[in-house]
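Please keep the sequence and the model at hand while reading.

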Amino acid sequence: MLYLSTLFIIGGIEKEKHSISNSVLLFGLIIQTLYIIYLYVLGFSIYKYVIYLFLAILLVLINMLMLRKNGKQNYITGILSLCFYLALFSMEKITIITIIITLLITAIKQLFISSKKNKNTILQIPIGFYLCFTNAIIVIFQNFII
């Protein structure tokens with residue numbers, strides 16, 4: 001439940017401000033760290049989780065350094081850290097499906113909006129919003145299927 005609530009908060013903030021919230025993402029990563037410790041106590045292999053967690057934390061720290069240095073966050077590193085956060089909880093297959101569906105949604109939206117408006121208009125598509133909500137929907141459906 002904490003994973004889904006973190007996704008909804010990240011997605012809502014991203015849709016409004018068009019930036020990935022580092023503080024909410026760090027909260028999610030702390031929750032994932034506790035989950036990894038729990039898996040380690042149970043005796044599961046956690047190497048993959050630790051690598052994803054390390055990469056996500058590294059990208060969040062890079063994003064925070066860019067924020068302090070330039071005054072604004074890098075959107076690409078925010079999206080990459082969000083993708084690693086998604087891979088931590090929902091594993092690779094679900095994350096790849098989420099990314100593919102998000103790319104399809106953004107392509108369809110771009111086609112329909114660019115055909116209605118001027119071709120020179122550059123849109124700010126909330127990719128993080130689509131990533132969060134499609135992953136949440138897929139995780140919920142996966143639980144019903146299993």
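## Helix packing and buried positions

Not counting residues up to four places away in sequence, Thr106 touches Ile125, Ile127 and Tyr130. The model is a predicted one. Thr106 is found in helix H4, which covers residues 75-116. Thr106 has a relative accessibility of 12% and therefore counts as buried, the cut-off being under 20%.

One of the residues touched by Thr106 is Tyr130, and Tyr130 is among the buried residues of helix H5. Helix H5 runs over residues 127-145 and has 19 residues. From its first C-alpha to its last, H5 reaches 27 Å, close to the 27 Å expected at 1.5 Å a residue.

Two packed helices are described by the angle between their axes and the distance between the axes. The table gives these values.

| Helix pair | Angle | Distance between axes |
|---|---|---|
| H1 (residues 2-17) and H2 | about 165° | 10 Å |
| H2 (residues 22-42) and H3 (residues 47-70) | about 160° | 11 Å |

With an angle of about 165°, H1 is therefore roughly antiparallel to H2. The crossing of H1 and H2 is left-handed. On the H1 side, the contact is made by Leu2, Thr6, Ile9, Ile10 and Ile13, and on the H2 side by Val24, Leu25, Phe27, Gly28 and Ile31. By class, this contact of H1 with H2 has eight nonpolar residues, two polar and no charged.

For H2 and H3, the angle of about 160° means that the helices are therefore roughly antiparallel to each other. Their crossing is left-handed. H2 contributes Asn22, Leu25, Leu26, Leu29, Thr33, Ile36 and Leu39 to the contact, while H3 contributes Tyr49, Val50, Leu53, Ala56, Ile57, Val60, Asn63 and Met64. The residues of this contact of H2 with H3 divide into 12 nonpolar, three polar and no charged.

Which residues does Leu29 contact, leaving aside its neighbours within four places in sequence? They are Leu53, Ala56, Ile57, Val60, Tyr85 and Leu88. Leu29 lies in helix H2 and is buried, with a relative accessible area of 2%. Leu29 and Phe144 are 115 residues apart along the chain, and their C-alpha atoms are separated by 25 Å.

How values were computed:
Residues numbered from 1 in each chain as written. Predicted model: local features only at pLDDT ≥ 70, side-chain atom pairs only at ≥ 80, totals over all residues. Heavy atoms only, no water. Helix = DSSP H or I, 4+ residues; strand = E, 2+ residues; numbered from the N terminus. Expected span 1.5 Å × (residues − 1). Buried < 20%, exposed > 50% of the residue type's maximum accessible area, 1.4 Å probe, protein only. Axes fitted to C-alpha atoms, helices over the stretch in contact; angles between N-to-C directions. Parallel < 35°, antiparallel > 145°, perpendicular 65-115°, else oblique. Left-handed = near helix turned anticlockwise from the far one by under 90°. Contact = heavy atoms within 4.5 Å. Nonpolar A, V, L, I, M, F, W, Y, C, P; charged D, E, K, R; others polar.
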